[in-house]
Amino acid sequence: MKLLVCGAAGFIGSNFVRLRVRDHGDEITVLDKLTYAGRMENLQDVESDIRFVHGAIEDPAAVAEAIGDAEAIVNFAAETHVDRSIADPEGFLVTNMQGTHVLLEAARQRGLRYLQVSTDEVYGSIEEGSFTEDSPLEPSSPYSATKTGADLLVSSYYHTYGLETVICRGSNNYGPHQYPEKLIPLMILNALAGDTLPVYGDGRNVRNWLFVEDFARGIGHALLHGQPGEVYNCGGPDECDNLTVVNRIIELTGAGPDLIEFVTDRPGHDRRYSLSSDKLQGLGWRAQVRFDEGIARTVDWYRENEWWWGSIRSGEYREYYERHYGRALKA
Ligand code: NAD
Ligand code: DAU
């Protein structure tokens with residue numbers, strides 16, 4: 001297929017592009033603003049196989065330049081970190097909502113299929129059981145509220161204009177190339193550096209962990225086999241609380257358990273996420289990587305790829321870390 005993939009210099013988008021180029025021979029144009037989270041290093045091994053356009057999804061001119069003769073748009077582009085959305089929500093509205101609108105308009109004018117990459121956070125928190133695609137939308141953070149707004153806008157383009165839209169909602173991803181503001185890469189890099197491991201609240205919040213290559217395959221499945229106007233959940237095979245995740249990272253890195261430090265909880269912190277993926281499984285998708293295997297592969301990748309994260313830990317990230325955690329990152 002000929003695809004316009006937005007936000008693919010980030011974590012999940014770059015894994016998706018790698019998969020589509022290598023296994024499916026898709027012709028891909030990437031449109032990315034290269035924010036702090038977007039890095040050409042993430043696309044280094046496929047750079048010669050794709051066309052790259054530097055620009056923002058909320059800029060119609062950049063979208064028009066990038067779109068070429070694409071048959072479909074896949075939108076990963078977003079501001080994605082919940083803690084940053086709590087500190088400063090405005091950029092989340094611009095990219096996640098206004099940007100989605102510009103892409104939908106471009107798809108509508110050209111009659112393109114449109115896949116929106118979304119999140120389990122639109123459903124809010126669930127104490128027991130799992131969310132289905134029919135569960136009510138009850139987002140808690142500015143991040144998830146803007147992702148919910150975008151999902152509703154996508155659905156409105158299906159209902160109003162008959163645009164071929166599909167929404168794929170993933171649970172917490174982890175794996176290679178994830179920016180170290182998120183729990184798993186942050187804990188791995190701090191553990192390797194002998195730095196403290198800041199666990200929010202009591203550490204008993206539960207997340208439904210999904211290896212990034214499984215999500216990339218799930219999105220491909222939803223794009224090719226999903227019904228227009230439908231939503232597909234894509235959840236990981238294992239649930240785990242944060243303390244269990246951190247203790248596993250301690251074991252795999254050989255760090256000391258005394259590095260764990262309980263810090264002030266995130267405001268409005270969702271207690272538990274859990275997705276039912278029955279509908280996507282009905283299209284033939286299955287998660288292939290269990291948490292035990294995926295976390296070991298992820299720790300190995302960070303251990304072996306200091307070239308990728310060394311410059312992050314010495315740049316904007318240091319300032320973010322100090323601002324957010326109120327302490328300096330260990331050199
Ligand atoms: P990321 O933060 O690693 O990457 C985001 C990418 O979008 C970066 O390359 C960035 O430069 C780009 N971007 C940001 N604003 C842009 C703009 N205005 N125009 C163009 N590009 C812009 O994000 P990720 O973790 O890879 O998440 C990708 C998508 O998947 C997001 O839509 C997110 O909501 C969704 N999602 C993430 C997870 C997860 O666990 N990380 C789970 C489910 C869904
Ligand atoms: O569920 C999907 C979502 O997963 C995506 O939509 C988001 O883009 C992505 O950021 C992620 O959101 P979370 O808030 O769940 O992920 P995060 O890695 O920020 O936090 C995971 C859990 O770990 C959460 O309970 C908060 C906790 N945490 C996080 C950090 C960064 C800590 O205890 N300490 C930390 O330093």
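## Ligand 1 and its backbone contacts

In this predicted model, a backbone N or O atom of Ile-12 lies 2.8 Å from an oxygen atom of ligand 1. Such a polar contact is a pair of N or O atoms within 3.5 Å; within protein, one must be able to donate a hydrogen and the other to accept it, and residues adjacent in sequence count only if both atoms are side-chain atoms. Phe-11 also brings a backbone N or O atom to 3.0 Å from an oxygen atom of ligand 1. For Phe-76, a polar backbone atom is 3.0 Å from an oxygen atom of this ligand. Taken alone, ligand 1 exposes 840 Å², and the protein buries 97% of that (areas by the Shrake-Rupley method with a 1.4 Å probe; for residues, only the protein chains shown count as cover).

Helices (H or I, at least four residues) and strands (E, at least two) are DSSP runs, numbered from the N terminus.

Now to the second ligand. Of the 23 residues around ligand 2, Asp-120, Tyr-143, Asn-172, Arg-266 and Tyr-325 come nearest. An N or O atom in the side chain of Asp-120 is 2.5 Å from an oxygen atom of ligand 2, and a polar side-chain atom of Tyr-143 lies 2.6 Å from an oxygen atom of ligand 2. The side chain of Arg-207 has an N or O atom 2.8 Å from an oxygen atom of this ligand. On its own, ligand 2 exposes 690 Å², of which the protein buries 95%.

The shell around ligand 2 has nine nonpolar, eight polar and six charged residues. Ligand 2 lies between domain 1 (2-173 + 209-234) and domain 2 (180-207 + 237-272 + 289-325), because both give residues to its shell; the domain bounds come from an automatic or database domain assignment.

## The seven-stranded sheet

Seven strands form an open sheet in the order β3-β2-β1-β4-β5-β6-β10, with parallel pairing (two strands pair if DSSP finds at least two bridges between them). At the edges stand β3 (50-54) and β10 (230-234), each with a single partner strand, so one side of each is left without a neighbour in the sheet. Neighbouring strands are turned by 20° against each other on average, direction ignored; axes are lines fitted to C-alpha atoms, for helices over the stretch in contact, and angles run from 0 to 180 degrees between N-to-C directions.

Within this sheet, β5 pairs with β6 (residues 165-170) in the parallel sense over six bridges. Gln-116 stands opposite Ile-167 in β6.

## The three-stranded sheet

The order β7-β9-β11, with mixed pairing, describes an open sheet of three strands. Its edges are β7 (173-174) and β11 (238-241), each with a single partner strand, so one side of each has no neighbour in the sheet. Two bridges join β7 and β9 (residues 206-211) in the parallel sense, and Asn-173 stands opposite Leu-210 in β9.

## Reading the numbers

Residues are numbered from 1 along each chain as its sequence is written, while chains are lettered from A and ligands numbered from 1 in the order in which they are written. In this predicted model, local features need pLDDT of at least 70 and side-chain atom pairs count only at pLDDT 80 or more, whereas totals for chains, interfaces and linings use all residues; side-chain values use heavy atoms, with hydrogens and water left out.

How values were computed
Near = heavy atom within 4 Å. Nonpolar A, V, L, I, M, F, W, Y, C, P; charged D, E, K, R; others polar.
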